[in-house]
Every structure is written in C-alpha cells, then in structure tokens.
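Have the model open in your viewer for this one.

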Amino acid sequence: MPVAALHRPPVAVGAGRRSARHQARFALRASSLEASSAAVTVTVNGSAAAGAAVESKEKVQEDNEGLVMKEEEQERGRLEVLYDDGFGSVTVKDYFAAAKLLCRDDDGGPPRWFSPVECGRPAVDDTPLLLFLPGMDGVGTGLILHHKSLGKVFEVRCLHIPVNDRTPFEGLIQTVEKSIKHEHGLSPDRPIYLVGDSFGGSLAVAVAARNPQIDLVLILVNPATSFAKTPLQPVLPLLESMPSEFHVTVPYLLSFIMGDPLKMAAVSIENNLSPPETLQKLSDSLTSMLPLLAELSDIIPRDTLLWKLKLLKAGAAYANSRLHAVQAEVLLLASGKDNLLPSGEEADRLFKALKNCRVRYFKDNGHTLLLEDGVNLLSVIKGANMYRRGRQRDFVTDYLPPTLSEFKQTFDVDHKLFHLALSPVMMSTLKNGKIVRGLAGVPDKGPVLFVGYHALMGIELSPLYEEFLREKKTIVRGMAHPFLFGKKFESSRQEISRIDTVSMYGGLPVTPINMYRLFERNEFVLLYPGGVREALHRKGEEYKLFWPDQPEFVRMAARFGVTIIPFGCVGEDDVLELVLDYNDQKNIPGLREWIESINKEAERVRDSVKGEDGNQDMYLPALLPKVPGRFYYLFGQPIEMKGMNNLVRDRKRANEVYLRIKSEVEEIMSYLKRKREEDPYRSIGQRALYQATWGASAQVPTFEP
C-alpha cells in the first residue's frame, strides 16, 4: 500500500477546499438577498393583506432557514467526541517499510514535499498547515506513527531529502522558506506549524529566525542545536576514517544510541494484556524489528552519513547564532534518556534563550521520541494548549475533543488504579425527583450548566470526566482559573501533568465571554462558584461553600434558556488528610515568601469581591493519603431556565435563584454524607473482595437512594 503521494500539488488541494467554502458562503449571502428582495416586491405591488401574509410567511421561512444554517455551521467542522484517530495502529516496522520505499537507488533530485496518504483529508475546517522537517535520516517518514491522528486536524506535509542529495543547510532553509511564504500569502491569518525532529529542529529554528513576520509555531523534538555537545564527538573522526566494508555495523550502533529499542518495540501493544502476554508480544516485536536495522545502511549510506554529520554541525551553528531573532511560539519536547544529544540540558538553555518557549520533558524516552511508545504528539500539543487555527488561540472554537486512544490511555492506563481505589458512585435526579444511579437525569442535549462544590485540589474531576464520556459521550467544558493555562510557572523540565489533562478534557479560563460563547454553542459547562478558595480550602472546611454574592451566571443562563443542574460530591475526607494548609504555610518562613511571589504574578479573578469569598491566594497544600474511602456524586433535579428571560434584568429574582442553587448543593452534600454511612462497600477492603469475586470491571453496589 502506498505510504505517500510524492510530487502531489498540496497547495491546490488546500486552495480548492478554501475556494469551495468561500463559494458556499457567497451563495448563502446571495440567496438571502434574493429572498429579502422578493419580500419587498410582494409588499409593494400586492394588496396590503396579501403582501403582509406573504412577507410574514417568508420571514418565518427565512428565520427557520437561518436557524438551521446556524446549527449546521456550528456542527460543521466539529469532531465527534471519542472519534477514532487511528493512533496506535502503526508500528516502527511501518517506518522502515516506508523509508525503504522512498530510498530507492534512483532516488535523486532536490529536496521535495510529500503529503502522506494516511493523513487523509482534515476533518475540521480551516486547518493549520503542519510541515515536518526530518532528522538525520532525511526520509521524512519519522512522523509516521502520528500521520492518522495529525491528519484529522492539520494539513500535513513532510520534507523528503533524497539519499544522494547534497543541498547545503542554507539551501534547505530556502526550500522551507519558499513553502511557508507561499502559504502565508494564501492564508495570512492561518498559522504554520514546523515540527523539527533533531536536525529538523535546527532547520525550524533557522527558518523562524529569518521570517519573524510569518505566524509560525515551532515544535522542536530533541533539536540538534546541541550537536556541539554530543557525547559522540570523540567517535565522529572514527566514522570518517572507517573503511566502507565496516559501515554496515554503524546502523546497529546508531539505532541503539538514538532510541530506546524496548519503547520502539512496545508501540501498538495493547494495554489490557496480562504480564506474560505483554512480555511475549514485546519479545516477538523486538525480535522482528532487529533485522530491519540493517536497512538503515541503505537509508544512511557511508557518504550520506558523513554529509549529514557536516549538515548537523553547520545547522547547529547557524541556528544558535540566530536564537535571539526567533519570535515564534515554541513547544520543545526533550528526552531524558537521549544518548545522542544532551537534550535535557539543551531544554534548559533554549527555555531561557527563546522568548516564547514551553517545554514538555519525557524523562524515560530516547532520542527518537516520535517513534517510541506512549508519545502521542497530538495529545501533547492539545495538553499544552498549542493548537490554534488563527493568530490567537480561541479556547472555545479551537478546542479538539478527546479521541478514543486518548480516552483509553487516560482512563484505562494512567488513572485506572486511582479510579479503582475510589470506586466512584454517580447518581442523578430525574425530573420527577427520583434519584437513580447513573446519569439518566442529566439532559442529553445542551446548553447545560453544572454548578457544584469544588473538592480539595479538584480531586473529583477525573471520575466526573470519565463517567460523562463513557455514558453520555459528552465533554463537560470546565471553567477554571486562568493560572492553569499560563506558562509563567512552568520549568525547563516540565513533564506532562494533570493540568495538561484538564486542558485535553475541556478545561478553559473562566471568563464571562467564554461562558457566553459555550452557551451559544449548546455546550455542557461546569462551573465552581467557590473557585480556588474552595478547591484550596483550609483545615476543617470540607464541604463548605465559598460562593461570592454574584448571581451573574444565573442571568446569563436565563438569557440562553440553559438547564442548570446543581451537584455535590463527597469523599475527599476519606481519601486525603490536609497536613499544612494556607494558614500554616503563611507562618513558615520561606513558604510565606514563595506564596507571596506566585500570587504577585498570578492573574486575580476575584479582586472585586471583598471578604473571605474573595481571598483567592494560590498555594500548594501539604497532603497525606488515607486508606481510600469512596467518592459519591449526585446531580440534582434540573432547573429549567427557558422562558425566564426576565431574570436578565431582575437582579433580585436572579439572586433568589442563585441562593436556591447554593442551598440545593448544600442539601445534596448533606444527603450524600448521611447516606454513605449506609453503604456496605464504603471500605476499600469490602470493594476489593467484591471485585475479586465478580471481576475488576464489575460495578460495586452502594446504598439504596
């Protein structure tokens, strides 16, 4: 099966898609104008009664068509929640097969672009362009594990540098520049992503430094800007003097230096296998992969290797001399076990040298990060909030829902033990007031606003996200403190964290305009009026609400006819022990200064609120885990705001609804605290015994509502 479309004119494909959209929009505008003209003609030339009737009829029809068009416009270009992105279906063997196909003996000519067939057509409108700049191999297939997933949301093109090509570094810069300038001329407001792998990282930096006027986003993967410090420097002269007949051994040496063979062999092995099955599959994969390493001598023959080493040296020097000129956004991916380059130290240096740089550090991975197990490039981009389709990131329209592979990785691997330990109980309330297990009482369509209690450190969020995705196939867009989406407090060794997970699963900064636009798009929205003060509460404040006297969300919900669902969650006191809270830490020298420093720079969202409810200082509580108890959630009876437009102006009535919601949240938590005493499976020991008997996937019973 072909892996790429060489010499394909990708510009024509993108331009055609844009042209079709523009034609469709023009046609819609023209038909709207014609309908308006017809209505005016009938009114003027016909009888008054007939004209009014026809005008009224056409107005209703036009309104209906406008509503349908608006809904279609909202749905068009949206990806389905838990769509299959194809990630994990390709292995390192496919990389070797594709590289062999592209590196034929007659593979001559200058460097050129190709569009991987696996990428297909983007599933969303106005997708940004992504150009992949390869590493030392030059083939351009180093992104092959990510083609399918990236192809859904990017227009992907890869640079292929033929084996026998000897284009100097500045010539390669001109090749990339020609493409980005042409694309920028076609779509000046569309960002262009440059994914530079190793040597391609130096090339990406050089291009960005020379083109500060173009909106570029750089994703640098173990960039070779640190080539001068490679631990292989003493070996390089030996490679130049090595006889040709011994060159066949070099690929084996390079393969084990560049990547982690076990992680490369583990790609596509299922996570739900037993340990013996996993070991057997890993052994089979590794055994079948090793013979393929001989093909590296065809991909990088001796003369090509020597040329590439010169390119690496020239590229690193060129890029490093121009770091100060780089204006682009940069996301740097660095491996902690890179035996070819000191990528961790280079992340420290570039983090300081580049004006707008963020880092994601993979401490257990090798140099060939994009070919190793457990690294999903699209997930990393989404988690770092680096995906955008315009000049500025739009947290509402640029959001990409989680894919099936991301869901499995998060909830079947990363959070599996945590959720098993908590064994969360989800309950909801039907319109008639009956409490049932599951989410049957929650509407299937939005706009819906969930308003509830924010548990310590937001520990309740992960089970909530999982349940809505499993049962409702629905994303809940959580309104969170802007602090979580900034980069001021990130480091040069920033690993993928829980904050990245919040972004992937719908989190966005809490602002009135964001809420307004989410309601406009009929989304499910999660709001914690208590905010940071509630999530970082003090000792003895479990289940206490810290809501300000500001019913603004009620008035906005009334405007859009939102269904408000109050909810509560209890169980944090059975899981965590708060050892040092805000009051304790403010009295400890060192910690006090640290709290003051981070809050001096952090964005304040409640400065206008006086008193205890307005105290939003950030701090990191000292916690100790307890023998896990159980988490209980209850979503209350839906409050329909449809037809309550009068609340938009009537602040007094809006405040009454606000107090009612707050009271219901408190009643829900009182109910859960009381009823959990009746749960025979509140203890982890009882739950473990039940699951040992009925299986780990069995739903553990609880109290009768």
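R349 and E346 sit three residues apart in helix α13 (residues 343-353), so about one helical turn separates them. Helices here are DSSP runs of H or I with at least four residues, strands are E runs of at least two, and both are numbered from the N terminus. The general rule behind that spacing is that an α-helix has 3.6 residues a turn, so residues three or four places apart point the same way. The side chains of R349 and E346 meet in a salt bridge, 2.7 Å from N to O. That term stands for a side-chain nitrogen of Lys or Arg within 4 Å of a carboxyl oxygen of Asp or Glu. E346 counts as buried at 4% relative accessibility, while R349 is partly exposed at 29%. The cut-offs are under 20% relative accessible area for buried, over 50% for exposed, and partly exposed in between (1.4 Å probe, protein chains only).

A word on provenance: this is a predicted model, where local features need pLDDT of at least 70, side-chain atom pairs count only at pLDDT 80 or more, and totals for chains, interfaces and linings use all residues. Residues are numbered from 1 along each chain as its sequence is written, and side-chain values use heavy atoms, with hydrogens and water left out.

How many salt bridges does a search of the whole structure find? The search turns up 34. Here are three of them:

| Salt bridge | Closest N to O distance |
|---|---|
| E155 and R157 | 2.7 Å |
| D189 and R391 | 3.3 Å |

R391 is partly exposed, at 42%. In the other pair, E155 is buried at 8% and R157 is buried at 4%.

Now for α5 itself. The helix covers residues 169-186, 18 residues in total, and reaches 26 Å from its first C-alpha to its last, close to the 26 Å expected at 1.5 Å a residue. That expected span is 1.5 Å times one less than the number of residues. Buried residues in α5 include F169, L172, V176, I180 and H184.

Two of those, V176 and I180, touch L194, as do L131, A204, V207, L216, V217, L218 and I219, not counting residues up to four places away in sequence. Contact here means heavy atoms within 4.5 Å.

Which residues touch the most other members of the largest nonpolar core? Of its 88 residues, the answer is F154, L194 and L218. Helix α6 (residues 199-210) gives the most to this core, with eight residues. Apart from it lies another core of 78 residues, among them L82, V396, F411 and F519. A nonpolar core is a set of buried Ala, Val, Leu, Ile, Met, Phe, Trp, Tyr and Cys residues joined through side-chain atoms within 4.5 Å.

F411 also turns up beside H419, which is in contact with F411, P424, S462, P463 and E466, leaving aside neighbours within four places in sequence. H419 belongs to helix α16 (residues 416-422) and counts as buried at 8%.

Last stop is A99, in helix α3 (residues 92-102). Buried or exposed? A99 counts as buried, at 0% relative accessibility. A99 touches V139, T141 and I299, again not counting residues up to four places away in sequence. A99 and T141 are 42 residues apart in sequence, yet their C-alphas are 6.5 Å apart in space.
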